[in-house]
Amino acid sequence: MAETHVKEGRPYPRGATWDGEGTNFALFSAHATAVELCLFDERGEREVDRIALPEYTDEMWHGYLPSVKPGAIYGYRVHGPYEPDAGQRFNAHKLLLDPYACGHFGELRWHPAVFGYEMESGNDLTFDTRDSAPYMPKCRVVDANFDWRAKPGPRPIPRDEAIIYELHVRGYTKRHPAVPEALRGTYSGLVTREVLDYIRSLGVTSVELLPIHTFINDSYLLEKGLTNYWGYNSIGFFAPDPRYASNRAETLREFKEMVARFHEAGLEVILDVVYNHTAEGSELGPTLSFRGIDNASYDRLLPDQARYYINDTGTGNTLNVSHPRVIQMVTDSLRYWVEQTHVDGFRFDLGTILAREANGFDTQSGFLKACNQDPVLGTVKLIAEPWDCGPGGYQVGAFPPGWAEWNDQFRDTCRDFWRGEAGPAALAPRLCASPDLFARQGRLPSASINFVTAHDGFTLRDLVSYNEKHNEANGEDNRDGTTDNRSWNCGAEGPTDDPAIVALRWQQMRNVLATLLLAQGTPMLVAGDERGRTQQGNNNAYCQDNDISWVDWTPTEDGEALTRFVQRLTKLRHLSPILRRKRFLTGEFVEELGVRDVTWIDASGEPMQAEQWQNGLMHCFGMMLDGRAQTTGIRQRGNEATHLIIFNAYHDVVNFTFPACNGGRSWTLSLDTHDPGAAEGQAFRTGGTYTVTGRSLVLFTLDATADH
């Protein structure tokens, strides 16, 4: 028995830490009466030892085992009262995952034994005595050593230069013909040469991965032959999920290799993280980890009915990020991914949850304060999804300096404009990085993460192909998923052979992509949108681990043309700093410089007047970005290109007159979404006209004279 060799160990760091000779185990629980460490054989099937952690220091249970080395498989049994009405749900018959485990082994097998109560009864006040270990995943002690010295990272990508590319580790390469079969859908497959070369060719700077933290497959999905494909159901905040590894025993090392390969290619890695809830769900959920370790500390409970959980997430429970040890766990996790795996930032799912205190959303919450003062987290990108399902959950623009936020108002307005349901007054502020939301406390335009599509919702192609959602494959009678899609099928629902409708759909896709990549702020693309990927009208494909969700790499003429169009747009954005300014556009005339940074132009070539902004029938206007505007806080002229972007959501042509602009007498065509193959470089004199095709976007660049 290893118990005779157990030593006192240390209360820090938490988790299982191998020091080269043995392993220190430390687990937080404020209310437990005893903690037992369970060691398993190499198959994770037989419990070979059970050791009581001998010390309890500052609410940390800890012990040191000289004989335990990397690869060892373990879990915990935690003793204490089972009093749901008092918020306590200890049950030592249940094997528990270490919240700080950096490696996981095996998968959950759903069985009544994994519930702390007698699941068949449906009464969570009952107490179940069956051993859950045979059905539980386990934790693995890892060797954290990894040689990063020969693997240089990218230069930090300035926020104003970033272009984010959201993708799913599995779905991106599952059908990729150049990826070896054994590597498809894995961390290694994602960084094969052909895949990396393609991502780089798109001109994006930062790859945002859907959740890779270890997560649980919901039983109700498995019963329907489906799965939790997206992974927003975390059970471990320090471990990369082994199901995405080509070699599960080396999951952590494979993940680090993936990050290193991305960095060598000059690409950042951003993780989509889920710290708002755990996979244990409501009071009727399983006991897998946090619930059995210290339920009253880890979860938000109803103040007057501690048996029940606050459900601001819509998933059954809410992580209690008001508790100091839970704040510590989340920030320890974030620092771990930065320091140990070298990731470059995080996107926080339902981020409002993390800033909730007893009084609701609070910009002075403990978690936000902890992040804002942290010297490690201050070096990476922090992106909030600024809403949740609780009261007062919509907080777009409310996060503090240092944070960026998903801007759903850009999404909705862009969609509405191109289907003819919004005019210049609505779109203009979104094109300027939404200063009405973000221009405060020194926040910059890059704080607005602009997107029109994301993993959740229609793909870009489906946005222009379907008026209604078609989620029948999800097995919920098409009741799931939002009905507020702001989409337009261009005249036919779903696939069609009508050449006019097909042409219009591809043009509308180009319009949306051009609006996204030419607007101020930080653009985010969704993997596959640049190829015209479809989910067959499914706007909630969270459970579809199949061709509905996987990127289709079959080359098509239209898809390849759209990819080239995206590459042109990203190149333009990188070459034109005025398209990604560090300062918010104001439209104010600066007398000292004799220039205004942006001027809004009507079809006659004149500045728009107040009555035009209120004209609901106006669907064509221009945005002139003057390259002479100051670029920093220093009052001096800029020396950048001047651009004119014409947006025409009207169904017919508009003859647009080129505006006068000091410093140039002609405009050169750079891009036209109606004819993306049009020869660039055609020049048009100031005062002349350009026939802007219905439902199209055109970009011109001013031919500067010597004094410009």
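Arg50 counts as partly exposed, at 34% relative accessibility. In this predicted model, the side chain of Arg50 meets that of Glu47 in a salt bridge, 2.6 Å from N to O.

**Around Glu47**
- Glu47 is itself partly exposed, because its relative accessible area is 24%.
- Glu47 also forms a salt bridge with Arg77, where the closest N and O atoms are 3.2 Å apart.
- That pair links distant parts of the chain, with Glu47 in strand E4 and Arg77 in strand E7, 30 residues apart.
- Arg77 has a relative accessible area of 2%, so it is buried.

**The sheet**
- Five strands make an open, antiparallel sheet in the order E4-E3-E7-E11-E10.
- Strands E4 (47–52) and E10 (104–105) stand at the edges with a single partner strand each, so one side of each has no neighbour in the sheet.
- Seven bridges join strand E3 (residues 34–40) to strand E7 (residues 73–79) in the antiparallel sense.
- Phe40 has Ile73 as its bridge partner in E7.

**Other salt bridges**
- The salt bridge count comes to 43.
- One of them brings together the side chains of Arg243 and Asp241 at 2.7 Å, N to O.
- Arg243 is partly exposed at 22% relative accessibility, whereas Asp241 is buried at 1%.
- Shared partners join Asp408, Arg411, Asp412, Asp416, Arg419, Asp484 and Arg486 into one salt-bridge network.

**Asn648**
- Asn648 lies in strand E28 (residues 643–648) and is buried, at 0% relative accessibility.
- The Asn648 side chain reaches the backbone nitrogen of Tyr650 at 3.0 Å.
- Beyond its neighbours within four places in sequence, Asn648 contacts residues including Trp418, His619, Cys620 and Arg695.

How values were computed. Residues are numbered from 1 along each chain as its sequence is written. This is a predicted model: local features need pLDDT of at least 70, side-chain atom pairs count only at pLDDT 80 or more; totals for chains, interfaces and linings use all residues. Side-chain values use heavy atoms; hydrogens and water are left out. Helices (H or I, at least four residues) and strands (E, at least two) are DSSP runs, numbered from the N terminus. Buried means under 20% relative accessible area, exposed over 50%, partly exposed in between (1.4 Å probe, protein chains only). A polar contact is a pair of N or O atoms within 3.5 Å; within protein, one must be able to donate a hydrogen and the other to accept it, and residues adjacent in sequence count only if both atoms are side-chain atoms. Contact means heavy atoms within 4.5 Å. Two strands pair if DSSP finds at least two bridges between them. A salt bridge is a side-chain nitrogen of Lys or Arg within 4 Å of a carboxyl oxygen of Asp or Glu.
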